[in-house]
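Here is a short note on the salt bridges in this model. Please read it with the structure open.

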Amino acid sequence: MIELMSKCDFDEMFEIMRQSFPEDEYREREKQLELFDDENYRVFCSRTEDRKISAIMAAWKIEGGYFLENFAVRKDLRGNGLGGAFLDELTNMLDGIICLEVELPENDICRRRIAFYERHSFCLNDYEYYLPPLTEGNEPKKLLLMTYKKLESKAKLDKIKRAIHLTAYKTDKYL
């Protein structure tokens with residue numbers, strides 16, 4: 001069962017993120033914590049029987065839907081279907097367009113991640129997209145966007161990209 005995570009669980013959430021993502025794909029600790037003060041940002045989580053966080057997914061409310069980021073399952077719980085069940089439950093809870101970023105399919109891990117999302121009704125959109133630098137001194141990172149169900153046009157995707165960048169990253173520099 002998915003629940004809305006509170007700020008008091010931040011340390012546990014941040015540790016899961018630190019173990020799950022390269023440093024250039026999540027914000028510095030203090031900046032990540034500050035996101036909880038943004039009205040468009042929320043973090044969904046599932047928990048084990050002893051109330052430890054088992055999976056997380058941040059969601060930004062954007063014009064027309066949601067932008068998902070930082071999806072991670074606790075390291076010791078991976079590989080048992082928890083991530084897929086979590087993703088299915090979350091996409092059923094949210095309304096409107098749902099999108100997320102993925103790395104380019106340049107290696108087996110990235111291709112498997114894309115295939116995972118495709119098994120859960122996400123479609124790869126092969127249009128140019130850049131993740132703005134999340135920490136000072138980093139360069140923008142070329143990624144791809146996936147959407148829950150297929151988008152009908154590049155114009156629609158451009159509108160979503162703009163909403164993501166303005167809402168989640170507070171910039172339009174890399175559009």
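1. The whole structure holds 18 salt bridges, a salt bridge being a side-chain nitrogen of Lys or Arg within 4 Å of a carboxyl oxygen of Asp or Glu. The model is predicted: local features need pLDDT of at least 70, side-chain atom pairs count only at pLDDT 80 or more, and totals for chains, interfaces and linings use all residues. Residues are numbered from 1 along each chain as its sequence is written, and side-chain values use heavy atoms, with hydrogens and water left out.

2. Take R47 and D9. Their side chains form a salt bridge at 2.5 Å, N to O. R47 sits in strand β2 (residues 41-47) and D9 in the loop between β1 (3-4) and α1 (10-20), so the pair ties together parts 38 residues apart in sequence. Helices (H or I, at least four residues) and strands (E, at least two) are DSSP runs, numbered from the N terminus.

3. Are R47 and D9 buried or exposed? R47 is buried, at 19% relative accessible area. D9 is buried too, at 15%. Buried means under 20% relative accessible area, exposed over 50%, partly exposed in between (1.4 Å probe, protein chains only).

4. E15 and R18 also pair, with their closest N and O atoms 2.5 Å apart. They are three residues apart in helix α1, so about one helical turn separates them. E15 is partly exposed at 31%, and R18 is partly exposed at 43%.

5. K159 meets E63 in a salt bridge at 3.4 Å, N to O. K159 lies in helix α5 (residues 154-168) and E63 in the loop between β3 (53-62) and β4 (65-73), 96 residues apart. Salt bridges with shared partners join E3, D9, R47 and R51 into one network.
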